[in-house]
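Subject: Structure handover

Hello,

Here is the structure for you to look over. My notes follow below.

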Amino acid sequence: MKDQARGGHAYLDESTQGDYLVIASVIAPGDVREARAALRDLLLPRQRSLHMKDEKKPARQDLIVATVCNLELTTTIYVAKPSEHKGHTGARDACIQRASSDSATQGVQRLVLDRNDSYMKRDEASILKGATRAGVNPVPFDFGHMSRHEEPMLWVPDVLGWCYARGGTWRHRVRDHVRIIAL
C-alpha cells in the first residue's frame with residue numbers, strides 16, 4: 001500500500017452522533033482525480049453531493065460504502081467524549097488539534113475541513129496549536145474549509161464516520177479501513 005500521508009491531501013469531516021468524531025481521510029495527490037470521479041459517479045440526478053444521513057435505501061448505502069472502501073486512501077477517526085473535553089466544542093478542538101499534529105508529522109501537504117462557518121476561526125487556532133504541539137512551526141501544510149458541494153473528497157470521511165457512528169454491521173464493514181484514536 002502506498003504512503004498516502006507523505007505529500008497527501010487530508011479531508012476532514014465530523015460526526016456528533018454519540019462521541020464526537022473527526023474523521024480524516026488522506027489520499028495521495030495523484031489519486032485524487034480518479035477518486036473524485038468514482039464519487040461523482042454515485043450522484044443521482046439533481047444531487048449535488050453525498051451525505052449519508054440523506055441516503056435511506058439500504059442498496060444505495062451499500063453501494064456508497066463499497067465504493068468508498070475501494071478507494072486507495074487511509075482514514076483515521078479521532079474520538080473524543082464531550083464530557084471529558086468541556087462539551088462538543090472542546091471535543092472538536094481536541095480532535096482537530098490531534099489531526100493537525102498527525103498531519104504535520106506525517107508530511108501531509110494539504111488539509112481541507114468540511115465548511116462550518118461558526119467554527120472556522122476556532123479550527124484555524126486548533127490547527128496551529130496541533131502543529132505547534134508536534135514541534136512544527138509554522139504549519140507545514142495548506143489548510144482551509146470547503147463545502148461538500150465543492151469537494152467530493154469530503155464525502156469520504158462522511159461515509160466512513162457515518163458507518164463508525166452507526167455501529168453494528170456498518171462499523172464492522174469499515175473496520176479494516178479506519179484507524180481509531182481515542183482522545
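What radius of gyration would a compact globule with 183 residues have, and what does the protein chain have? A compact globule would be near 16 Å, and the protein chain has 15 Å, which agrees. The radius is taken over C-alpha atoms, and the globule rule is 2.2 Å times the number of residues to the power 0.38.

Two points on the source. This is a predicted model, in which local features need pLDDT of at least 70, side-chain atom pairs count only at pLDDT 80 or more, and totals for chains, interfaces and linings use all residues. Residues are numbered from 1 along each chain as its sequence is written, and side-chain values use heavy atoms, with hydrogens and water left out.

**Overall**

The protein chain has 6 helices and 6 strands. These are DSSP runs, numbered from the N terminus: helices are H or I with at least four residues, strands are E with at least two. Along the sequence the pattern is β-β-α-α-β-α-β-α-β-α-α-β. The C-alpha atoms fill a box of roughly 45 × 40 × 30 Å along the principal axes.

Of the 183 residues, 51% are buried. Buried means under 20% relative accessible area, exposed means over 50%, and partly exposed lies in between (1.4 Å probe, protein chains only). The chain exposes about 9200 Å², and carbon and sulfur atoms supply 48% of that area. Areas come from the Shrake-Rupley method with a 1.4 Å probe; for residues, only the protein chains shown count as cover.

Contacts (heavy atoms within 4.5 Å) reach along the sequence. Among those with a separation of 6 or more, 73% join residues 24 or more positions apart.

**Strand 1**

Start with strand 1, residues 9–15. Here 6 of the 7 residues are buried, so the strand is largely enclosed by the rest of the structure. Strand 1 pairs with strand 2 (residues 20–27) in the antiparallel sense, over 7 bridges. Two strands pair if DSSP finds at least two bridges between them. Asp-13 has Ile-23 of strand 2 as its bridge partner. The two strands form a hairpin with 4 residues between them, and Gly-18 in the turn has a positive phi of about 75°.

Strand 1 also pairs with strand 4 (residues 110–114), in the parallel sense and over 4 bridges. There, Leu-12 stands opposite Leu-113.

Is Leu-12 buried or exposed? Leu-12 counts as buried because its relative accessibility is 2%. Leu-12 touches residues beyond four places away in sequence, including Val-22, Ala-99, Val-112, Leu-154 and Pro-157.

**Backbone points to check**

- A cis peptide bond joins Asn-137 and Pro-138, with omega about 5°. Pro-138 is in the loop between helix 4 (120–133) and strand 5 (142–146).
- Arg-46 is not a glycine, yet its phi is positive, near 70°. Arg-46 is in the loop between helix 1 (32–40) and helix 2 (58–69). At 85% relative accessibility, Arg-46 counts as exposed.
- Lys-86 is another residue other than glycine with a positive phi, about 60°. Lys-86 is in the loop between strand 3 (74–80) and helix 3 (87–106). At 84% relative accessibility, Lys-86 counts as exposed.

Best regards
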